[in-house]
Amino acid sequence: MHPAIEPYDHGYMDTGDGHLVYWEVCGNPEGKPALVVHGGPGSGCRPGQRRAFDPARYRIILFDQRNCGRSLPHASDPAADLSTNTTHHLIADMERLRERLGVERWLLHGGSWGSTLILAYAEAHPERVSEIVIAGVTMTRGSEIDWLYRGVGRFLPEQWQRFRSGVPEDRRDGDLLAAYARLMSDPDPGVRARAAHEWVTWEDAVIAHEVNGKPDAYSDRPSDALQAFVRICTHYFSNAAWLEEGVLLRDAHKLAGIPGVLVHGRLDLGGPLETAWQLAQAWPDARLVVVDDAGHTGSEAMRREIGAALDGFASAAGG
């Protein structure tokens with residue numbers, strides 16, 4: 001991790017459809033452009049994400065995806081309309097931000113949900129991507145969503161039963177994600193708070209087993225941020241992220257010529273290694289690095305691999 005730095009520029013981008021998307025730039029104004037694509041969906045960008053890059057060599061760009069972080073309106077407000085918050089809207093926001101900042105091509109870095117958004121953007125605009133570094137590969141296929149919110153329960157039966165019991169009894173054998181999405185839109189703040197708590201309790205349980213896992217990885221955030229995170233997660237996952245099943249893997253050939261590094265933890269129970277391996281098979285320009293002591297939240301070894309990949313690309317052409 002490089003030393004902590006502060007942005008030298010920041011602002012809000014008006015998307016034209018009721019959203020103000022927060023963005024910031026730090027590092028070297030003349031450096032190689034790199035965009036950080038945060039996870040969640042709905043986590044928001046964090047100051048620590050700036051530190052993965054050498055600030056002398058990179059122009060580091062971060063943004064809060066719609067309705068989370070510092071972007072407005074905030075999803076913690078039940079009046080905030082999420083109908084214009086989809087994967088395709090976020091891809092358009094990334095392009096709009098690239099044009100606003102005068103970037104020709106940029107490196108993309110992120111993980112988890114950020115991985116899905118990176119791949120969706122890069123397959124739509126491959127000519128705008130110089131390199132990709134992903135930590136924790138996901139493609140948000142229906143099979144992956146079902147595994148995370150149902151299948152992995154075979155390893156955590158008690159915790160999954162609690163997660164299932166967080167929705168009304170008549171919905172427990174149906175679409176749990178849609179049921180949670182409905183609860184997160186309830187006008188009663190108590191209903192929303194209870195649903196958000198049960199959701200992150202499950203997310204925490206999946207992470208907590210990891211050797212280097214953090215017991216409160218998801219719940220350790222302010223109330224408004226937690227509410228926004230859960231509301232956006234349920235909104236996206238109950239709609240399969242508005243992606244055709246398997247489309248990102250099917251269209252991985254569009255990434256040809258883009259160098260990539262995929263760093264994935266072997267102990268990632270919520271996002272099994274198989275997804276990263278499948279993508280690496282379909283994308284010959286990507287190198288898969290498997291970190292034996294890491295799960296979804298990473299490890300020191302995983303951070304070293306990510307840093308090495310970013311340092312390795314720092315002097316490559318792009319921007």
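## A pocket and a strand to visit

Start by selecting I145, D146, D175, L177 and F237: of the 13 residues that line the second largest pocket, these lie nearest its centre. A pocket here is an open set of points on a 1 Å grid over the protein atoms alone, where a 1.4 Å probe fits, with protein on both sides within 12 Å along at least five of seven lines; lining residues have an atom within 4 Å of a point. Next, colour helix 3 (142-149) and helix 5 (176-183), the elements that each give two or more residues to this lining. Helix 3 gives the most, with four residues. Helices are DSSP runs of H or I with at least four residues, strands are E runs of at least two, and both are numbered from the N terminus.

This is a predicted model, in which local features need pLDDT of at least 70 and side-chain atom pairs count only at pLDDT 80 or more, while totals for chains, interfaces and linings use all residues. Residues are numbered from 1 along each chain as its sequence is written, and side-chain values use heavy atoms, leaving out hydrogens and water.

Finish on V36: select L62, opposite it in strand 4, then H109, its bridge partner in strand 5.

How values were computed
Pairing = 2+ DSSP bridges.
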